[in-house]
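I'd like to walk you through one protein chain, piece by piece, so please have a look at it first.

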Amino acid sequence: MCGHGLGGYPGSYKKGLPISGLDKVRSMRDAFVFHAGTAAADEGVVASGGRVLGVTALGDTVQDAIRRAYRAVSDIRWDDVCYRTDIGKKALTRLEAPPRVGIVMGSDSDVTVMDSAVGIMKKFGIPFDLTVASAHRSPQKAMAFAATARERGIQVLIAGAGHAAHLAGVIAAHTPLPVIGVPIDSSCLQGLDSLLSTVQMPPGVPVATMALGKPGAKNAGILAAQIIALSDPELAEKLDAFKAEMARQVEKKAEELERII
């Protein structure tokens, strides 16, 4: 999404400026305009707020979507219009960087849980791969993902699965890289089955098993970051700051509680 704004924002700016080009963008395929600071007037749509429009586009790739969005942006005009030119840059940088962590889940229904691990990757700026591969329904894909991980530059693998949850074990059996398992509570046994399946590995094939569900996925991301940080001083500094901020938040909550008491 690319944002259109009024010159001077967030300071003072003029209102009531006629907007042109909306009809042209409306005719574009896979480009959409969302109104935020606009109003209807006799002369048509006018700019009435600091953040005026949001332009979104779809594409086969992120780069294609960005290109289409900015093509639409260039057709929309009003006096003193301004907009950012770096939207999507972080996504492109992340896609271009070789992955350092591989995240795999047994089903697309697990994405709501594993998104907690993804969030940690994004927070610390760690490039990652994300895929779905089932130990039972697509075992060849799961084995290939693990077996080729090291040659693709991956340093740590995170595997999340529910029910029988053999995914982390299969991944660990096909790579010398550290594997972190996230048991997911998706069955009628409320995750006990996936927890035991993930943690009870035979000697010689270790899986670092986290807690059930989203807290476990978040900790999997943090543990992966800590492993990589052993040889990455910049990432180690980010983790130090992260831990320090957690401590500050605890102290802040303690102080608030003491004031209430």
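First, a bit of housekeeping. This is a predicted model, so local features need pLDDT of at least 70 and side-chain atom pairs count only at pLDDT 80 or more, while totals for chains, interfaces and linings use all residues. Residues are numbered from 1 along each chain as its sequence is written, and side-chain values use heavy atoms, with hydrogens and water left out.

Okay, domains. The domain assignment gives domain 1 (17–93), domain 2 (99–230) and domain 3 (233–260); such bounds come from an automatic or database assignment. The centres of domain 1 and domain 3, taken over C-alpha atoms, are 39 Å apart. UniProt, in an unreviewed entry, lists residues 99–250 as "domain: PurE"; its positions are given here in our numbering, with feature names shortened, and annotations may be inferred rather than shown by experiment. That span is 48% helix and 16% strand.

Now the sheets. Helices (H or I, at least four residues) and strands (E, at least two) are DSSP runs, numbered from the N terminus, and two strands pair if DSSP finds at least two bridges between them.

For H35, the partner in β6 is L53. Is β6 mostly covered or mostly open? Mostly covered: six of the seven residues in β6 (residues 51–57) are buried, meaning under 20% relative accessible area with a 1.4 Å probe and protein chains only (exposed is over 50%, partly exposed in between).

The other open sheet I want to show has five strands, β9-β8-β10-β11-β12, with parallel pairing. Here β9 (128–132) and β12 (208–209) are the edges, each pairing on one side only.

On to S194, which sits in helix α7 (residues 192–199). Why does S194 count as buried? Because its relative accessibility is 0%. A polar atom of the S194 side chain lies 3.0 Å from the backbone oxygen of I184. That's a polar contact: N or O atoms within 3.5 Å, where, within protein, one must be able to donate a hydrogen and the other to accept it, and residues adjacent in sequence count only if both atoms are side-chain atoms.

Last stop, helix α9 (residues 233–260). At 1.5 Å a residue, its 28 residues should span 40 Å, and the end C-alpha atoms are 41 Å apart, which agrees; the expected span is 1.5 Å times one less than the number of residues. At its start, a side-chain oxygen of D232 reaches to within 3.2 Å of the backbone nitrogen of E234. L235, L239 and F242 of α9 are buried, and what covers the buried residues includes α4 (111–124) and α8 (213–229). F124, in α4, is in contact (heavy atoms within 4.5 Å) with residues including L235, L239 and F242. F124 counts as buried too, because its relative accessibility is 4%.

Key: Lists of a residue's contacts leave out its neighbours within four places in sequence.
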